[in-house]
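Colleague: I am new to reading protein models. Could you walk me through this one, feature by feature?

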2 protein chains.
Amino acid sequence: MVKATGERTIMDLSIEELKALKDDERKNVTTHGTIYNVRDMGDFAFIILRKINGLVQCVYTKNNSEEEKKMLQEENCIRVTGEVRDEQRAVNGIEILVEKIEVLSSPSEELPFSISKRKLNISLENEIEIRPVTLRNEYKRSVFKLQAAIVRGFREYLENNGFTEIFTPKIVAAGAEGGANIFKLDYFGKKAFLAQSPQFYKQTLVPVYERVYEIAPVFRAEKHDTARHLNEYVSVDFEMGYINSFYDVINMETGMLKYCFDFLEKNYALLLKKLGIELPKFDSIPCVKFREAKEMVAAKYNRKIKDPYDLEPEEERLIGELFKEDHGSDFVFVTHYPVKKRPFYAMDDPEDNKYTLSFDLLFKGMEITTGGQRIHDYDAQVKKMIFKGLYPEDFESYLMLHKYGCPPHGGLGMGLERLVMKLIDEKNIRATSMFPRDTTRLNP
Amino acid sequence: MVKATGERTIMDLSIEELKALKDDERKNVTTHGTIYNVRDMGDFAFIILRKINGLVQCVYTKNNSEEEKKMLQEENCIRVTGEVRDEQRAVNGIEILVEKIEVLSSPSEELPFSISKRKLNISLENEIEIRPVTLRNEYKRSVFKLQAAIVRGFREYLENNGFTEIFTPKIVAAGAEGGANIFKLDYFGKKAFLAQSPQFYKQTLVPVYERVYEIAPVFRAEKHDTARHLNEYVSVDFEMGYINSFYDVINMETGMLKYCFDFLEKNYALLLKKLGIELPKFDSIPCVKFREAKEMVAAKYNRKIKDPYDLEPEEERLIGELFKEDHGSDFVFVTHYPVKKRPFYAMDDPEDNKYTLSFDLLFKGMEITTGGQRIHDYDAQVKKMIFKGLYPEDFESYLMLHKYGCPPHGGLGMGLERLVMKLIDEKNIRATSMFPRDTTRLNP
């Protein structure tokens with residue numbers, strides 16, 4: 001009887017293993033990869049192999065046969081046997097002198113264009129259409145490797161700080177964020193929705209685990225097509241109990257970002273180099289009140305305040321610019337948003353009930369996080385619902401949280417694609433969503 | 001200007017910190033938690049405090065005032081100041097001699113029943129109705145802590161083995177698993193679906209990252225209500241390239257389970273004790289062909305084989321029983337499922353094309369994983385689609401994978417709730433989904 005033991009069964013060597021070989025182990029070595037690019041040098045060719053986490057240069061002596069031409073087709077998946085030697089000019093400091101190539105699989109068609117250039121010279125629209133191909137580009141795949149690496153950093157920080165990961169339903173009976181921006185579906189004859197956020201559930205779980213987080217898709221049926229909105233995106237959500245004020249939440253996020261950037265420098269230095277980016281360095285993040293931020297921008301840029309209770313995207317951008325120029329900070333927390341801009345679960349500021357104990361985090365002039373302290377008292381929550389024109393009886397299971405008690409708490413939601421977008425200085429959020437969903441796009 | 005530094009701001013001590021205090025630090029200590037239970041002992045009371053990851057006993061000297069009664073209400077969130085002392089009979093080996101209690105928040109209603117017993121004495125139906133409350137029970141919250149811990153173990157193993165985490169869209173243009181079991185929604189006037197699995201996307205990403213994983217919700221509109229089906233569940237998916245056969249996938253899963261159980265023993269010993277479970281111990285997992293498994297069960301239990309190309313739940317259970325009895329194994333891989341039971345992307349067995357190079361993993365007689373090798377050749381995939389009655393033109397973006405080349409690859413999907421269900425010996429899968437979705441349930 002066959003038995004699976006869990007021991008490694010695929011023996012082809014990785015880039016790290018190739019580099020770590022001792023002198024007497026460097027012959028007759030086997031590795032695999034995809035032919036990313038072939039540079040014909042006449043008698044020989046450089047085959048650039050795309051491997052799991054980088055490129056490896058192979059040197060192949062040509063015989064100019066027809067089989068050879070087929071063998072060296074781009075996107076062929078091959079197994080290579082040969083000798084490893086040092087080559088400082090090669091990307092990993094090594095190259096493989098090829099003795100044998102085994103073709104494991106071949107495409108049925110040639111690529112529509114070469115994907116091995118650093119940046120692809122096509123429009124974003126067209127690039128997205130064929131993401132199954134363009135993601136194979138070394139730069140493009142690095143973008144989403146960065147996404148994965150950031151999530152690792154966040155998770156490590158949150159786990160270190162006692163947060164429990166939760167998995168909450170995405171098919172729900174009511175929207176958490178209100179408004180018309182919600183996808184509807186038929187659920188066995190009942191009306192259901194796609195969760196706009198895990199808000200109700202993460203709050204519900206504060207009395208259970210005190211600190212919880214979820215990194216998962218959320219759905220917004222927003223009808224406007226902009227460079228910074230997606231209809232489905234990855235939301236980094238956390239919620240924490242026993243806070244003294246919403247500054248505890250702000251502080252936790254600051255710690256998370258610092259930890260994550262350190263984590264990236266430490267573990268993904270090569271990736272950051274491939275992307276050609278430098279991470280923001282900071283000891284602290286300034287916090288400014290919504291009202292004051294508007295006044296600062298009005299004064300510095302000689303603008304009129306049109307609506308004291310709203311923030312235009314242009315104002316957001318200018319707040320970012322101001323804090324970069326005057327305080328050297330890429331990040332700024334804007335606090336105390338007006339009641340009318342915040343959902344019904346936001347706690348009012350006891351010092352001025354036109355404002356709430358809430359905040360946004362702006363990164364290079366764009367909102368990447370919304371958070372704040374939530375109402376924990378039952379009567380206060382019911383009152384605020386009614387004030388907002390909602391019916392408390394529609395929120396029976398959510399209100400169990402308040403009815404049966406919960407600690408003072410707060411949390412936030414961060415848009416993962418926006419963070420990555422700003423880190424790599426992209427102008428359109430579709431560049432940092434693998435398979436973006438917008439009002440016209442359901443494919444790929 | 002306020003600045004957030006990321007340094008800790010909530011100074012109340014955790015259980016670990018309370019236990020680690022030196023003798024001269026044990027006075028005037030502050031911690032917080034929720035009143036889980038009060039045991040009145042006449043002149044004094046034991047207050048059991050529910051904290052982030054366990055219970056702490058506090059000893060409180062009574063004065064029998066009206067305020068005191070209010071202060072000691074269950075589910076009050078309090079901050080306690082007092083002296084820590086050793087108490088071997090208390091759950092953590094310490095207790096707190098209370099000097100001061102500050103009530104941070106109070107429920108507006110008493111609990112419908114006490115939740116501090118080990119197991120709640122109500123029906124599963126009723127228990128689910130009020131999950132926001134019942135999850136606060138120490139046993140119930142441990143169940144979902146185990147879920148989170150398992151995911152941590154899986155992630156650690158997958159990252160160690162070079163897998164990249166991916167985030168794929170849940171609103172899709174076509175179902176990956178076929179059939180009518182799919183939720184439909186209106187997407188800005190277009191017909192869209194909720195993803196039954198990340199199958200197409202994870203395969204698409206094999207040429208990009210070679211090894212990918214995703215742990216995320218999947219949606220199945222199955223109309224039948226059983227003890228082992230949910231309409232939304234958490235799927236642990238991975239996919240890997242350059243496999244020699246589907247046994248490489250089987251082996252990776254075996255390694256993942258072994259690693260995860262070791263991880264739990266090492267890092268969550270107390271949790272396992274709270275749940276009163278022992279993890280399965282094994283060096284290897286036996287593999288048996290579908291056809292042989294059916295014959296073994298027929299012989300041993302004197303059953304007739306009704307349909308040689310299908311497996312009844314009862315047969316599944318008996319295969320589990322047989323391998324437990326005859327081979328001492330809780331797990332068994334059943335391999336080479338019939339073509340008619342597998343989707344169009346499954347690779348046929350070249351030795352017998354009525355079967356596929358696929359497998360299920362049974363755990364204690366229940367399927368918890370489905371996986372196998374996928375078709376990587378374009379012509380073969382198109383041919384199989386047509387054989388299955390599908391139109392290749394409906395799968396244009398998926399087929400880019402095959403058209404532009406991909407390595408031999410395979411992968412699997414595991415139902416997280418089922419794994420936990422079998423680990424804690426629950427009979428109904430709703431016990432291991434925090435907020436289960438079934439044909440009649442959208443709430444809480």
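Colleague: How far apart are the centres of domain 1 and domain 2 of chain A?

Modeller: Domain bounds come from an automatic or database domain assignment. Here that assignment gives domain 1 as 15-105 and domain 2 as 138-432 of chain A. Taken over C-alpha atoms, their centres are separated by 46 Å. Keep in mind that this is a predicted model, where local features need pLDDT of at least 70, side-chain atom pairs count only at pLDDT 80 or more, and totals for chains, interfaces and linings use all residues. Residues are numbered from 1 along each chain as its sequence is written, while chains are lettered from A and ligands numbered from 1 in the order in which they are written.

Colleague: How many residues of chain A are in contact with chain B?

Modeller: Two residues are in contact if their C-beta atoms, placed from the backbone, lie within 7 Å. By that rule, 99 residues of chain A touch 99 residues of chain B. Helix H8 of chain A (residues 247-267) gives the most to this side, with seven residues; helices (H or I, at least four residues) and strands (E, at least two) are DSSP runs, numbered from the N terminus. Sorted by class, the side of chain A that touches chain B has 52 nonpolar, 24 polar and 23 charged residues. Ala, Val, Leu, Ile, Met, Phe, Trp, Tyr, Cys and Pro count as nonpolar, Asp, Glu, Lys and Arg as charged, and the others, Gly among them, as polar.

Colleague: Which strands form the open sheet, and in what order?

Modeller: Two strands pair if DSSP finds at least two bridges between them. The nine strands run in the order S1(A)-S13(B)-S14(B)-S17(B)-S18(B)-S19(B)-S12(B)-S11(B)-S7(B), with mixed pairing. S1 of chain A and S7 (164-165) of chain B stand at the edges with a single partner strand each, so one side of each has no neighbour in the sheet. Between the chains, S1 (residues 3-4) of chain A pairs with S13 (residues 285-289) of chain B in the antiparallel sense over two bridges, and Lys3(A) stands opposite Pro286(B). Within chain B, S17 (residues 358-363) and S18 (residues 366-373) run antiparallel, joined by six bridges. Phe359(B) has Gly371(B) in S18(B) as its bridge partner.

Colleague: Is Tyr242(A) buried or exposed?

Modeller: A residue is buried if 20 or more other C-beta atoms lie within 10 Å of its own, exposed if 12 or fewer, and partly exposed in between; C-beta atoms are placed from the backbone. Tyr242(A) has 24 such neighbours, so Tyr242(A) counts as buried. Tyr242(A) lies in the loop between strand S12 (232-241) and H8 of chain A, and has a positive phi of about 60° although it is not a glycine.

Colleague: Where is Lys364(B)?

Modeller: Lys364(B) sits in the loop between S17 and S18 of chain B. Its phi, near 50°, is a positive value in a residue other than glycine. With 18 C-beta neighbours inside 10 Å, Lys364(B) counts as partly exposed.
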